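Trainee: I've just opened this one. Could you walk me through how to read it?

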Amino acid sequence: MRHPFGKMTAAISEAPSFISVDSYDVTVDEELGDIQLVKIEKRKYWLHDDWYLKYITLKTPCGDYIEFPCYRWITGEGEIVLRDGRAKLACDDQIHILKQHRRKELETRQKQYRWMEWNPGFPLSIDAKYHKDLPRDIQFDSEKGVDFVLNYSKAMENLFINRFMHMFQSSWSDFADFEKIFVKISNTISERVMKHWQEDLMFGYQFLNGCNPVMIQRCTKLPEKFPVTTEMVECSLERNLTLEQEIEQGNIFIVDFELLDGIDANKTDPCTLQFLAAPICLLYKNLANKIVPIAIQLNQVPGDENPIFLPSDAKYDWLLAKIWVRSSDFHVHQTITHLLRTHLVSEVFGIAMYRQLPAVHPIFKLLVAHVRFTIAINTKAREQLICEYGLFDKANATGGGGHVQMVQRAMQDLTYTSLCFPEAIKARGMDSTEDIPYYFYRDDGLLVWEAINTFTAEVVGIYYKSDQVVAEDQELQDFVKDVYVYGMRGKKTSGFPKSIKTREKLSEYLTVVIFTASAQHAAVNFGQYDWCSWIPNAPPTMRAPPPTTKGVVTIEQIVDTLPDRGRSCWHLGAVWALSQFQDNELFLGMYPEEHFIEKPVKEAMARFRKNLAAIVSVIAERNKNKKLPYYYLSPDRIPNSVAI
């Protein structure tokens, strides 16, 4: 394309507060020749003069427009060299200057995006101690918006609960006393939890559709460490069968919190002892196809001082046993299901993407929206939340180092197939919609997974015309290898691929990346206020050890075991803040930054949005008139990336 003269338009936003958006026209009268690259230079004139360049549009004399997407910051005495918006694999570039541009971009990025071990055994993370140390392109627009200390404090102020903070270590009077910090916000699900949390049906339902719907699995054989007998549970069984027969028929389910066994409880506050348990819970599908608990053992080794609690026991014995399970579920949810398996994993994908895929690569263009602000939010969390003496230590029994031990253990079970949603559901024996009809997390998750997989397959098909092209894409292979070597620490048992050889496997891999960052995170994050704001339903700490005998528990003992006023307030502020969407949130299917300019991809995006809209309608129809609607996986409520 030879252009004797041309006209360029740049769309630029001013930093840091985006108070103005400007477009500039530049007319070039001399002959430009074949345009391969456009270079933008910036001179520094005052203290805060960073500029965010969205794109450059070149108009040729014959009226054609060539887009040069940027969507990056230009800082200090900076310059950016741009290619036009057509996505290109390395094999598509035959001109030396374009090959050199690819190589230089990656060399620069690999210096900016360095791996670091934050704790032994963790997936590697970004080498930045503070948010301000991150590359400007991946920082939050306003750091105040993600200040955990500020946000939690604001949440407590908005909830009118900071007046209880001066009574930090005092107990609540009774269950009703917790309402003093609860009833300020009208929320259907959380209010329903408050009213029905003691009921077995509500307890069982949460394993299917609560904040942590990934623990329950079908029980095919009772573990030796959990010696439940038919005689113990026969009053809970409704089919006139033995426990063994119920197991054979697929009616028994189990949740095992073995991961918590031996984890150190929080000792950061010498004035308050805190305790953990590692319970095992047996659940039963009754004749109404509802899941209810039928036996709970509070620690892993059976014995006289570790009784199996039953629904037929005294009311408060059974209630306290269930509270211990709910507390244990909260710990595994926060640290493993949420932190490790969405936040830290998505950060790995993001760092590897920036290090190994140039901006012109179609996989970079596809994934960049799905790692937006993820590295930033995780850096802020390491700075304020999960660090030593961080906010996590204030209210959680796994604070003070227990959460670190948990992640180190859980890395053994972090496998590639466990991130493939359909495989993960099957592995737990929870895939039958006929046998388990009320598992909305599964139903909606499969719909969203399939929509994402269809979309990624279309994009892969546009740019990779054969499996051979996939196998020979060295930049793609380096991206996949970076994830395996640094993210998964090179563990063969993780099952993460070291390379990808086929278009089908590439589509699946990209679906894992996008689903984890969007749908899975939404499913386990945005219901936290709904399910965890009623403190007795999700206690972040327990102030007395698990009971070792039956028949001695009183309501006073339960209230004294539950979190004190101060920790309750910190917990409530946290789950409220974590459940909020970001300002100007971008939801699944929204791609306002036009990294792709080609028509086939834009058409694929439009089909993707249409499929997602159909899922929204299906979920809305199902939720009609439901007392407990399940909406966390409705695509209009799924942010594109992990950013909160």
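Mentor: Helices (H or I, at least four residues) and strands (E, at least two) are DSSP runs, numbered from the N terminus. Here, strand 13 (residues 280-285) and strand 14 (residues 291-297) run antiparallel, joined by 6 bridges. Cys 281, for one, has Ile 296 in strand 14 as its bridge partner.

Mentor: Before we go on, this is a predicted model, where local features need pLDDT of at least 70, side-chain atom pairs count only at pLDDT 80 or more, and totals for chains, interfaces and linings use all residues. Residues are numbered from 1 along each chain as its sequence is written, and side-chain values use heavy atoms, with hydrogens and water left out.

Trainee: In what order do the 5 strands of the open sheet come?

Mentor: Strands of a sheet pair through backbone hydrogen bonds, either parallel or antiparallel. In this sheet the order is 11-12-13-14-15, with antiparallel pairing. Strand 11 (217-218) and strand 15 (308-309) are the edges, each pairing on one side only.

Trainee: Which strands does helix 7 lie across?

Mentor: Helix 7 lies across strand 13, strand 14 and strand 15, at about 95° to strand 14. Helix 7 (residues 315-356) also packs with helix 17 (residues 503-525) at an angle of about 145°, their axes 10 Å apart. Among the residues that meet there are His 333 and Phe 349 in helix 7, and Tyr 509 and Asn 525 in helix 17.

Trainee: Is Asn 378 buried or exposed?

Mentor: Buried means under 20% relative accessible area, exposed over 50%, and partly exposed in between (1.4 Å probe, protein chains only). Asn 378 has 2%, so it counts as buried. It belongs to helix 9 (residues 374-385). Leaving aside neighbours within four places in sequence, Asn 378 is in contact with His 343, Leu 344 and Glu 347.

Trainee: How does Ile 97 count, at 38% relative accessibility?

Mentor: Ile 97 is partly exposed, because its value is 38%. You'll find Ile 97 in helix 1 (residues 96-112). Not counting residues up to four places away in sequence, Ile 97 touches Gln 36 and Leu 37. The C-alpha atoms of Ile 97 and Gln 36 are 8.1 Å apart, though 61 residues separate the two along the chain.

Technical notes:
Contact = heavy atoms within 4.5 Å. Axes fitted to C-alpha atoms, helices over the stretch in contact; angles between N-to-C directions. Pairing = 2+ DSSP bridges.
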